[in-house]
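Me: I have a structure open on my screen and would like to talk it through. Could you take my questions one at a time?

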Amino acid sequence: MKQPYIYVCSDAVGETAEAVAKATLRQFSTEHVKIKRYAHIRTEDEILRIIAEASLTGGFISYTLVQPELRELMREEAVKVGIRAVDVMGPMMQAYVDTFNDLPRRQPGLLHSIDAEYHKRMEAIEFAVKYDDGKDVFGLTQAQVILIGVSRTSKTPLSVFLSHKGIKVANLPLMPEVTPPEELRQGPGRIIVGLTMQPDHLLHIRTERLKALGLPSTAQYASPDRIREELDYAAGVMESLDCPIIDVTNRAIEETAGIIYEWLAK
């Protein structure tokens, strides 16, 4: 019995067409259909060979070809031999042309091009990891955004989320026993954001955290008195810095990030 395939073809890497093919397969209970990817297609001969193979195995083709001559050849030859060929990108590109009266650049792989914006994001992500949780206070003088707050107020996940938008973020935990470093008050052009949370909600989060670590829930870390002490101390630090404060209780990371975007845009 022939192995049935969905042939994924692209003049770039083919991730878009493969993602659509995988999403399609998940809608069916069969597991015997496989995906076979052909990337960086440049010539008509390559297309003819793929169509011939698909014809022999009884499969069909999913393709993203931005060069119009290759796209048209794929369509015509598939019709000739009687196999299905699904143009993943073509209808979308044509809709754009018809609606906005513009022409595509016809350059394969633009989605994965490594440009200045890509490098900016990678640099920001590396920055967030390096200067997470106050590991190196030098980052406080270099960051665009500094997040401060007590433990478990979403400083790290918010730092990572913002870094994926190309924003350099450092974060610093606040504890009554530790005096904030001088670097927190140094450096121009930064925005310091205080993160706080309602005590009962923070108590629940810390209790669950201790359970996940296999530690007793009676630890001081999850004590109501300790939490109130930390929050009061943090509020005093934030007041001394005259920084904006966001209450992250029941607030999604995306929502908090949106508030910070607006402050950065001012």
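**Cysteines, sheet and core**

Reply: Happy to! A search of the whole structure finds 0 disulfides. Please keep in mind that this is a predicted model.

Me: Is C9 buried or exposed?

Reply: The cut-off for buried is under 20% relative accessible area. C9 has a relative accessibility of 0%. C9 therefore counts as buried.

Me: And C243, buried or exposed?

Reply: C243 has a relative accessibility of 11%. That value falls under the 20% limit, so C243 also counts as buried.

Me: Which strands are the edge strands of the open sheet?

Reply: Let's start with the order of the 4 strands, which is 6-5-7-8, with parallel pairing. An edge strand pairs on one side only. That leaves strand 6 and strand 8 (245-247).

Me: How many bridges join strand 5 to strand 6?

Reply: In this pair, L147 stands opposite N171 in strand 6. The two strands run parallel, and the number of bridges joining strand 5 to strand 6 is 5.

Me: What angle does helix 7 make with strand 6?

Reply: Helix 7 packs on the sheet, where it touches strand 5, strand 6 and strand 7. Comparing directions, helix 7 and strand 6 make an angle of about 175°.

Me: And what angle does helix 10 make with strand 7?

Reply: Helix 10 packs on the sheet too, touching strand 5, strand 7 and strand 8. Its direction and that of strand 7 make an angle of about 155°.

Me: Which element gives the largest share of the largest nonpolar core?

Reply: This core has 34 residues, and V145, L147, I148, L184, V193 and I260 touch the most other members. Elements giving two or more residues include strand 5 (145-149), strand 7 (191-196) and helix 9 (224-241). The largest share is 6 residues, and it comes from helix 9.

Me: Is L56 buried or exposed?

Reply: L56 is found in helix 2 (residues 44-57). The cut-off for exposed is over 50% relative accessible area. With a relative accessible area of 61%, L56 is therefore exposed.

Me: How many Å apart in space are L56 and K2?

Reply: In sequence, L56 and K2 are 54 residues apart. In space, C-alpha to C-alpha, L56 and K2 are apart by 8.6 Å.

Terms used. Residues are numbered from 1 along each chain as its sequence is written. This is a predicted model: local features need pLDDT of at least 70, side-chain atom pairs count only at pLDDT 80 or more; totals for chains, interfaces and linings use all residues. Side-chain values use heavy atoms; hydrogens and water are left out. A nonpolar core is a set of buried Ala, Val, Leu, Ile, Met, Phe, Trp, Tyr and Cys residues joined through side-chain atoms within 4.5 Å. Buried means under 20% relative accessible area, exposed over 50%, partly exposed in between (1.4 Å probe, protein chains only). A disulfide is a pair of cysteine sulfur atoms within 2.5 Å. Two strands pair if DSSP finds at least two bridges between them. Contact means heavy atoms within 4.5 Å. Axes are lines fitted to C-alpha atoms, for helices over the stretch in contact, and angles run from 0 to 180 degrees between N-to-C directions.
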